[in-house]
Amino acid sequence: MAATTVSKVPNFHDILPDAIMSNIFSLITDTRTRNAMSLVCLKWCKLERSTRKSLALRGNIRDLNQVPVCFQAINNLDLSCLSPWGHPLLESSSNPSLLAKLLSHAFPSVVSLTIYARSPLTLHFLAPEWPKLSHVKLVRWHQRFNAPIGYDFFALFEHCPSLSSIDLSHFYCWTEDLPTAFELYPSIAASLSHLNLLVGHSFTEGYKSHELLSITSACPNLSQLLATCVFDHRFLGFVGDETLLSIASNCPRLSLLHLADSTALSSNSSRADPNNNDEGYASEDARISPTALGDFFESLPLLEELVLDVGNNVRDTWPALELLNSKCPRLKSLKLGQVHGICREIDSSMPAAGVALWKGLESLSIKNSADLTDSALIAISLGCSNLTKFEVQGCNKITKMGMQIFARVLEKTLVDVRISSCKYLNTVCSLQALEPIRDRIQRLHVDCVWESVEQYSQDHEIRGESSSSSHEACGFKDFQTEKRIMMSEEEASLKKKAKCCDGSGNGFSSCSDTWTKLKYLSLWIAVGELLNPIRLAGLENCPILEEIQIKVVGDCRNQQKPVFMAEFGLNSLVNYPQLSRMHFDCGDAIGFALTAPRGYADLSLWERFYLNGIENLNLKELNYWPPQDMDVHQRSLSLPAAGLLSQCRSLRKLFIHGTANEHFMSFFLKIPTLRDVQLREDYYPAPENDTTSEMRVDSCYRFQDALNRRHIPD
């Protein structure tokens, strides 16, 4: 009998050249997907390891001697999230120099490093091991060590001559430290192209004008500069005309410039400034003139992104902004805070001006602009025809009609919208205004303000902007006629939907309108308010919503005790089938951590109120910020909160941004799929010494050992 031969069907990875396979692997960014690919076969494992360029190392500091050596191609390494979080990285080792050499041997190709540098000794040991570092991000929420001025940076500047980028946005230090270090290492300063000093979270009051001038004169080749500064002229070292012109003169190659007042980066910056008057103007004017602002823009022709978030009034800026448009043709992103007169309204005799002339602008953020009206907003939509991202905050003269026309004009491009703290745009009005882009928008932020808003009377409609305009440049020959047509269409649409309303007179719509492409939703809500009305407000159907961020702000001490077993309303999120990631931030909710006065609730009751119903969500990743007691500087997870979180059985990652009792942490071992848990005290100042009731270093070791001993189903 003749023998039969069976031909082997080749696998596609045997046919494709290694170069093509490497290109395919390098396009995969999801960590779990890459881990699964590495298990297919030995060849795929080697390809995955050789093409992985970024790695965030987790695990315990005591196990660093067991770090894998198969990731030789890693060039972007993150060591800021090792456990115990915030613990000195190398100082606890008996031989820190040997441990530093083990890390450099495991990751020899690192050129970008993120590290929690609690003390200067961390960089003293690590910096010599990676002399080719070009980008470094330092993280520190603990208080500064008692060391000489600038000492935190000496080892880094001494051993890493190739540095071109430094990020200190999450690193607490004195504002005098960096200028002093630059004076001692002028070659490092001259080689920098990216410097991020945008520190917030009450780290500092911001960099003074003389410190900014010292930094920019030492770093003439900067292309990106982000810094917190002081614009209030009542403080010494405020930033005014002279400082702005000097910055432009010192760093003429800037393509990204972000200057923000320290008050603009506070935890409540998402709301209107309480110091503003009823018209939206701050109590003081900044020492920035339109003429100097125009000269400042003219000196920076390479600008592509600009942020000026000023805490004081800058008035009549539209001529300077027109100059910015003509002198900076590459500008794509603009954010202005407390800047007024940014756009001249459409008028019968004069065309629109200011921001409305920027046809190439793709991202625009307007914050606390007191004279921004519907007419100016519509002019911006007609002129900035390529906008994909738009944010409006604290602008009290725009209404639903103006925002709806804005969205309708930009319905082909606009995919990212944030509406916050606008007097006439509550939740319902904001969502109804975005109806023209409901099937396109991908990212959305709104404030949860449920009460009805009194509509503008007819004589205040767009603040008397009833004139027509021939705006040929934007293709509208009769602006007022076009506006009336849009208003008629809106009224007809609302009448058609009236049958879907709940009939309660509160304006909530229960129509099944679908937000087809919405993937990210951000919500701001005041303490004591409920989340349940979110569905009636118009966000009932979001079929592909993946991530939600909820920020609760307010003083629980001014609220009555929540009714027993009352719920905030997390159950209302069950309708989002793809929701897997949540940021639930109660860190700005203030209350009584210990004994509360009679008739009031302590924070444990408030945590139970807010977390009730979380067990019904199919979350994979949760970041949770417990509420705080500012009097005792305590942000700690309570017993009810730990119990409710442990009932969320689908969780794989859980990050608690505060402290917790070791016994409470043991509740999380009941979550079968939980793989990664960490306490992160990422607020300033982070506690220096843990008390006996909270997680200490040994407590963290015991918990992680128990977590790693469990069998993980997936």
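Student: In which sense do β19 and strand β20 pair, and over how many bridges?

Tutor: Two strands count as paired if DSSP finds at least two bridges between them. Here β19 and β20 (residues 621-625) pair in the parallel sense over five bridges. H583 stands opposite N623 in β20. This is a predicted model, in which local features need pLDDT of at least 70, side-chain atom pairs count only at pLDDT 80 or more, and totals for chains, interfaces and linings use all residues. Residues are numbered from 1 along each chain as its sequence is written, and side-chain values use heavy atoms, with hydrogens and water left out.

Student: Which residue of β19 is the bridge partner of Q549?

Tutor: H583 is the partner of Q549. Strand β18 (residues 547-555) pairs with β19 in the parallel sense over eight bridges. Strands (E, at least two residues) and helices (H or I, at least four) are DSSP runs, numbered from the N terminus.

Student: Is strand β19 largely enclosed or exposed?

Tutor: Buried means under 20% relative accessible area, exposed over 50%, partly exposed in between (1.4 Å probe, protein chains only). In β19 (residues 581-590), eight of the 10 residues are buried, so the rest of the structure largely encloses this strand.

Student: Which residues of helix α10 are buried?

Tutor: In α10 (residues 209-218) they are S209, E211, L212, I215 and T216. Seen down the helix axis, these fall within an arc of 160 degrees, so they line one face of α10. The arc is that of the directions from the axis to the C-beta atoms.

Student: What is the average pLDDT?

Tutor: pLDDT is the predictor's confidence in each residue, from 0 to 100. The protein averages 85, and 84% of the residues score at least 70.
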